[in-house]
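Please consult the sequence and the model while reading.

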Amino acid sequence: MRRYPSERHRQLRDWLAANQTLRRSILRQLRANGPLPTSAIEDRAVTDWRSSGWTAGRNVDRMLDLLWTQGRILVAGRQGRQRVWDLAERVLPAWAPASRPPEREVVRLAALERAGRVERVRVAADGGELPGPWYVHADDLPLLERLEAGDWQPRTALLSPFDNLLINRERTQRLFGFHYRTEIYVPKAARRYGYYVLPILHGDRLVGRVDPAMDRRSGRLVVHALHAEPDAPAAAGPAVAAALQDLAAFLGADGFDLRRQTARVWRSAVS
């Protein structure tokens with residue numbers, strides 16, 4: 001098992017070296033015609049990507065993922081379930097840095113604080129103060145003041161497992177008390193919540209999670225399970241139902257069907 005990471009790295013390196021034509025072609029297509037959905041990008045791979053899983057032969061997807069990791073391209077939007085890609089410089093805002101900062105710039109936090117570029121703040125939750133230190137960019141202080149004054153409209157949304165709010169699992173648990181792990185590779189019988197679980201963000205709280213799947217044959221969104229956190233408010237039920245309906249509409253379904261497990265606190269609102 002210890003050889004696996006190096007073997008996979010070697011496979012990626014060798015495949016990328018053999019498919020520079022595909023790499024250059026994707027960048028050229030995006031530069032001339034972007035933004036483009038994945039299906040519109042021509043496959044000019046010299047050798048196929050080999051895998052024992054679902055990525056086998058999906059050369060464009062594999063190269064797009066590598067270019068995304070390298071920061072050369074970014075997701076510019078979506079067409080249904082497809083990502084739409086474009087060159088990173090055309091997606092990022094004008095103020096975004098175009099080059100990687102040197103190490104001394106990355107670690108100069110104390111100097112930024114002395115210069116007034118960042119401000120130390122306190123973060124409170126549930127009547128207590130979270131251990132810091134915590135910092136905020138000085139330019140964002142007016143935004144914090146507006147939020148504190150009530151200039152914020154809460155909403156309810158189903159989050160991707162790869163959302164920035166969740167991608168650092170330990171940070172999410174520390175800030176929100178929400179333990180989240182993907183169970184895609186967990187044997188079905190050992191899963192606690194489901195195959196592809198979406199956390200539920202309600203206002204500024206993570207209040208539950210849902211395990212959905214699109215049934216193409218029936219044209220309905222199937223909700224295999226709906227879980228609520230122990231302190232989830234019953235009043236969030238209608239908003240959770242609306243979020244499920246929004247997901248169904250996004251996928252082209254005409255509604256959703258509840259299956260096995262439904263959180264009791266929201267049962268009447270989503271049934």
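Q: Is Glu 42 buried, partly exposed or exposed?
A: This is a predicted model, in which local features need pLDDT of at least 70 and side-chain atom pairs count only at pLDDT 80 or more, while totals for chains, interfaces and linings use all residues. Residues are numbered from 1 along each chain as its sequence is written, and side-chain values use heavy atoms, with hydrogens and water left out. Buried means under 20% relative accessible area, exposed means over 50%, and partly exposed lies in between (1.4 Å probe, protein chains only). Because its relative accessibility is 40%, Glu 42 counts as partly exposed.

Q: Which residue forms a salt bridge with Glu 42?
A: Side chains of opposite charge can pair when their charged atoms come close. A salt bridge is a side-chain nitrogen of Lys or Arg within 4 Å of a carboxyl oxygen of Asp or Glu. For Glu 42 the closest N and O atoms are 3.1 Å apart, and the partner is Arg 44.

Q: How many salt bridges are there by this rule?
A: One of them joins Asp 14 to Arg 13, with the closest N and O atoms 3.4 Å apart. Asp 14 is partly exposed at 41% relative accessibility, and Arg 13 is partly exposed at 46%. By this rule the count comes to 12.

Q: Which residues do salt bridges that share partners join into one network with Arg 220?
A: The side chains of Arg 220 and Asp 254 meet in a salt bridge, 3.1 Å from N to O. This pair links distant parts of the chain, 34 residues apart: Arg 220 is in strand E11 (residues 220-228), and Asp 254 is in the loop between helix H9 (237-250) and strand E12 (256-262). Helices (H or I, at least four residues) and strands (E, at least two) are DSSP runs, numbered from the N terminus. Salt bridges that share partners join Arg 220 into one network with Asp 254 and Asp 257.

Q: Is Thr 172 buried or exposed?
A: Thr 172 lies in helix H8 (residues 169-176). Leaving aside neighbours within four places in sequence, Thr 172 is in contact (heavy atoms within 4.5 Å) with Leu 165, Leu 166, Gly 177, Phe 178 and Leu 206. Because its relative accessible area is 2%, Thr 172 is buried.

Q: What is the relative accessible area of Arg 24?
A: Arg 24 has its place in helix H2 (residues 20-33). Arg 24 is partly exposed, with a relative accessible area of 45%.
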